[in-house]
Amino acid sequence: MREAPSILRKALESARGARRDREPFLAVFDLDSTLYDLTGRVQKIIETFAHDPERRKKYPEACEKTLAARIHPQDWGLKEGLGRAGLREADHPDFFSELHSHWLHFFFNNAYLGEDRPMPGAVEFVRALENEGAHIMYLTGRDTGRMRDGTLASLRAWGFPLGHERARLLLKPEPGLNDARFKLSVLQNEVRAYRHVWLFENEPVNLNLVRENCPGVNLVFIETTHSGRERAAPELARVPHFETDWLCKGEGAS
Ligand SMILES: [Mg+2]
């Protein structure tokens, strides 16, 4: 049986204690590469590009290799997955340029959000917190105009708590806003209302800014993949996902 990551257990116990003491508790979750594995979305985007007849005519070899490529959950962007399939930007600069534009359009779009899958244990963990009386906030760098409808549909489809005042979705009102500053400003506001605030997030840039400017927030680094622009502080609590043996109640846990 796997040992439960203690930080997730600690978060649940903290929510339980807050409810007992009648103190407001907020659990904030990033979406991309935190609650969701984006592999399916990225795979779909590159495949639609490589299946397009015009692109196939223009880049026959690169399109074939793209269709053979398999994106992994740890990949950031396209280069790693395509590199494993033998495609390198230096050899196919025009192809990569067009593919990147295609990716940029469809990644930040409702179209393929249905391809995302929850990280292991994610739905169960958010629900468990909600059951302990925590308020839930999904705080994402996705923006309202391009991604709200698909995000709501996906959260509902997978059974994440939503649709009442204790479970809210906050997207960026404008695409151009800096993710980290947007999230910080939201959290700085929330800590005034909540005695306990926890943030679950995969991007060190976001974690570091919150850590420096909003020290009351409990941080959990979801160690999936990230931009590589900064490193998470070594002392931060971290888990690779939300799957734990205690969520299985010992039945069939392995
Ligand atoms: Mg993220």
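The domain assignment of the protein gives domain 1 (6-38 + 117-248) and domain 2 (39-113); such bounds come from an automatic or database domain assignment. The model is predicted: local features need pLDDT of at least 70, side-chain atom pairs count only at pLDDT 80 or more, and totals for chains, interfaces and linings use all residues. Residues are numbered from 1 along each chain as its sequence is written.

The centres of domain 1 and domain 2, taken over C-alpha atoms, are separated by 29 Å. Contact between the domains involves 14 residues of domain 1 and 12 residues of domain 2. Two residues are in contact if their C-beta atoms, placed from the backbone, lie within 7 Å. On the side of domain 1 that touches domain 2, helix α8 (residues 144-158) gives the largest share, 6 residues. By class, this side of domain 1 has 2 nonpolar, 8 polar and 4 charged residues. Ala, Val, Leu, Ile, Met, Phe, Trp, Tyr, Cys and Pro count as nonpolar, Asp, Glu, Lys and Arg as charged, and the others, Gly among them, as polar. Helices (H or I, at least four residues) and strands (E, at least two) are DSSP runs, numbered from the N terminus.

An open sheet of 6 strands runs in the order β5-β4-β1-β6-β7-β8, with parallel pairing. The edges are β5 (167-172) and β8 (237-239); each has a single partner strand, so one side of each is left without a neighbour in the sheet. Two strands pair if DSSP finds at least two bridges between them. On average, neighbouring strands of this sheet are turned by 20° against each other, direction ignored. Strand β1 (residues 25-29) pairs with strand β6 (residues 196-201) in the parallel sense over 5 bridges. Phenylalanine 25 has histidine 196 of β6 as its bridge partner. Helix α10 packs on the sheet and touches β6 and β7 (218-222); the direction of α10 makes about 165° with that of β7.

Two packed helices are described by the angle between their axes and the distance between the axes. Axes are lines fitted to C-alpha atoms, for helices over the stretch in contact, and angles run from 0 to 180 degrees between N-to-C directions. Helix α9 (residues 179-193) and helix α10 (residues 204-213) have axes that come within 9 Å and cross at roughly 40°. That angle makes α9 oblique to α10. Angles under 35 degrees count as roughly parallel, over 145 as roughly antiparallel, 65 to 115 as roughly perpendicular and the rest as oblique. The crossing of α9 past α10 is right-handed. A crossing is left-handed if the near helix is turned anticlockwise from the far one by less than a right angle, and right-handed if clockwise. Asp179, Ala180, Lys183, Leu184 and Leu187 of α9 make the contact with Val205, Asn206, Leu209, Val210 and Asn213 of α10. These residues divide into 6 nonpolar, 2 polar and 2 charged.

The axes of helix α1 (residues 6-20) and helix α7 (residues 122-131) also come within 9 Å, crossing at roughly 25°. α1 is therefore roughly parallel to α7. α1 passes α7 in a right-handed crossing. Leu8, Ala11, Leu12 and Ala15 of α1 meet Phe125, Ala128 and Leu129 of α7. This contact has 7 nonpolar, no polar and no charged residues.

Helix α2 (residues 39-51) and helix α4 (residues 60-68) cross at roughly 150°, with axes that come within 9 Å. α2 is therefore roughly antiparallel to α4. The crossing of α2 past α4 is left-handed. In α2, Ile46, Glu47, Phe49 and Ala50 meet Cys63, Thr66 and Leu67 of α4. By class, the contact divides into 5 nonpolar, 1 polar and 1 charged.
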